[in-house]
Amino acid sequence: VRAELRIPSSNGVAESESDETLVCEVDPEDADGKTNMLAKLNMDSTQQQQLMELIRMGEVESGLSTYFDPDAIVSQEGIFVPSGKAVAMHKKEKKDNGKGKKNSRRELQYLNGENRAGTKNYLVVRITDGDDKVRPEDAATMSDDVFGTAIDPINLKSQMEACSYNKLIVEPADLPEDKKAAAGVLEITVEAKLDSINGVDLVENAV
């Protein structure tokens, strides 16, 4: 994380309430080899004050400190932090790269031995339960919401790929034509009822 001095406009007034803009410096390995890539941190005034205080106290250090928020939204305009959330930073040890130098490269984590990088096929299941309860969106809308197959520019696919700098690519699961309700979407009907005792578990097990 680093701070940038804002240049006042011609009338002598800064473009925002703060004289400083906070940005994250992206590692070239996370930005397709591009250097000096910056992502603006879009925070409310209280969050920005909290982060600036951490910087002044030395608890946040450039190149070592990492900001992570699972609810943050990443886009070409920067990182948008949910308003009102407390600022939490952590610092990790630099790793030896074998050449006598240290780095703090951010990597996609392994979970249960699975590498999260690469192309992943996602399956969306639209379920109708024993009471004929089903989400109101049809299969085509669900496909658009998750994969951006029609008119939705901000979807699960676009956001996961943006957050990972295209290290994680989301694609619809390949389904037989007679089973496919829409790209990456399967429709099924189960006898289990969502409103019954342990209904969620019963429906999941039925699926």
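A residue is termed buried under 20% relative accessible area, exposed over 50%, and partly exposed in between, with a 1.4 Å probe and protein chains only. The model is predicted: local features need pLDDT of at least 70 and side-chain atom pairs count only at pLDDT 80 or more, whereas totals for chains, interfaces and linings use all residues. Residues are numbered from 1 along each chain as its sequence is written, and side-chain values use heavy atoms, with hydrogens and water left out.

Helices (H or I, at least four residues) and strands (E, at least two) are taken as DSSP runs and numbered from the N terminus. By this assignment, helix H2 covers residues 139–147. Its buried residues are Ala139, Met142, Ser143, Asp144, Val146 and Phe147. An α-helix has 3.6 residues a turn, so residues three or four places apart point the same way. The buried residues of H2 are in contact (heavy atoms within 4.5 Å) with strand E12 (118–122), E13, helix H3 (156–163), strand E14 (168–172), E15 and E16. After H2 comes glycine 148, with a positive phi near 65°.

Three strands form an open sheet with mixed pairing, in the order E13-E16-E15. Strand E13 (124–128) and strand E15 (180–182) are the edge strands, each pairing on one side only. Two strands are counted as paired if DSSP finds at least two bridges between them. E13 and E16 are parallel, with 5 bridges; in this pair, valine 125 stands opposite leucine 186 of E16. E15 pairs with strand E16 (residues 185–189) in the antiparallel sense over 2 bridges, and leucine 186 in E16 is the bridge partner of lysine 180. The hairpin of E15 and E16 has 2 residues between the strands, and glycine 184 in this hairpin has a positive phi near 75°.

H2 packs on this sheet and touches E13, E15 and E16; the direction of H2 makes about 145° with that of E13. Axes are lines fitted to C-alpha atoms, for helices over the stretch in contact, and angles run from 0 to 180 degrees between N-to-C directions.

Valine 146 is a residue of helix H2. With a relative accessible area of 16%, valine 146 is classed as buried. Apart from neighbours within four places in sequence, valine 146 is in contact with Val124, Asn155, Leu156 and Lys157. Valine 124 lies 22 residues from valine 146 along the chain, and the C-alpha atoms of the two are separated by 8.2 Å.
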